[in-house]
Amino acid sequence: MTASPHAAVPAASTPAVRAPARAAQIVSPDSDERTRDRVLAAVLERGPVSATELGDSLGFTPAAMRRHLDALSTDGLIEVKRVRGSAGGAGRPARRYVLSRRGQSRLGNDYLDIAVAALAQLGETGGPEAIEEFARTRFSGMEERYRPIVEAAGPDLAARAHALAGALTTDGFVGSTKTVGLPQGDAPRTGPSAARPVMLSVQLCQGHCPIQGLASAFPAFCDQETGVFARLLGVDVRRLSTLAAGGHVCTTHIPLGRTTAATAAPVGPDTPGPAQADPGTVPPSSPATLSIHQQGRP
């Protein structure tokens, strides 16, 4: 049999030859994040939606679509919802994608550029005072909602700070408190330093800031939040670090008061008098004497 003259000739260019260029555009690491934002927005608009429907609407290959959906699912931004067909509910439920709560929050960040631009224009027309007033209004609602929670904790300042941290956590700020400045249990109890007062304080930490991008551009937001904390707690507080300024957490210093270590043991028959006692010595059997001085609350 005579071989066809066309048998050894490579096939002409086909659509498969053009596919790598399209695939390279889809899987480019530089564009993955923006591409997944597009997928996330499409799930928000069309969900519950299937992978096939998403691929058709966005122009992605099935493999690329699955890759992006798997990544978004791993990040906790989307969830799978089982939906039965309309034909009497026959057959296995189809997989449909919807946004998770985290995905909803992620999409909220898309408006950051618009918010920053709007506030910048507000500052140009009304000056820095206009931005401060905007931030003050924004945090006034927080102060009104948090006040009953903080007041319910009673007069103890540490308890009030803990209640404030809980309210912040509810609003997505991931609040926590830690008391610092207490004498360590294994610290030496003799020497001049034993009788020195130690200032006690609570560090109120926030592990997340929903408005970090705005606060980075406009520090007035951090300033107004700090003012809210001071008014709710009834003491002057000080910011030690903020996420907006590059810190790992937002940390607010809340002064509690002062503790003073006892300087001598009770006087007994064989105990030297006050004039003979070493003013810098604290006997191991004597506990520290606490003297807490809190600032008055309004």
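The model is predicted, so local features are kept only at pLDDT of at least 70 and side-chain atom pairs only at pLDDT 80 or more, while totals for chains, interfaces and linings use all residues. Residues are numbered from 1 along each chain as its sequence is written, and side-chain values use heavy atoms, with hydrogens and water left out.

The chain has ten helices and seven strands; these are DSSP runs numbered from the N terminus, with helices being H or I of at least four residues and strands being E of at least two. Of its 298 residues, 32% count as buried, where buried means under 20% relative accessible area, exposed means over 50%, and partly exposed is in between (1.4 Å probe, protein chains only). Among contacts (heavy atoms within 4.5 Å) with a separation of 6 or more, 64% come from residues 24 or more positions apart.

Helix α7 covers residues 128-151, and its 24 residues should span 34 Å at 1.5 Å a residue; the expected span is 1.5 Å times one less than the number of residues. The buried residues of α7 include A130, I131, F139 and Y146. As a group, the buried residues of α7 pack against α6 (112-126), α8 (157-170) and α10 (220-233).

Now for the rings. Phe, Tyr and Trp rings (the six-membered one for Trp) pair if their centres lie within 6.5 Å, and planes under 30 degrees apart count as stacked, over 60 as edge-to-face and the rest as tilted. That rule gives one aromatic pair. F134 and F221 have ring centres 6.3 Å apart and planes at 70°, so they meet edge-to-face. Because F134 sits in α7 and F221 in α10, the pair ties together parts 87 residues apart in sequence. F134 is partly exposed, at 42% relative accessible area, whereas F221 is buried, at 2%.

Over in strand β4 (residues 198-206), seven of the nine residues are buried, so the strand is largely enclosed by the rest of the structure. Six bridges join β4 to β3 (residues 175-180), and the two run antiparallel; strands pair if DSSP finds at least two bridges between them. G175, for instance, has Q206 of β4 as its bridge partner.
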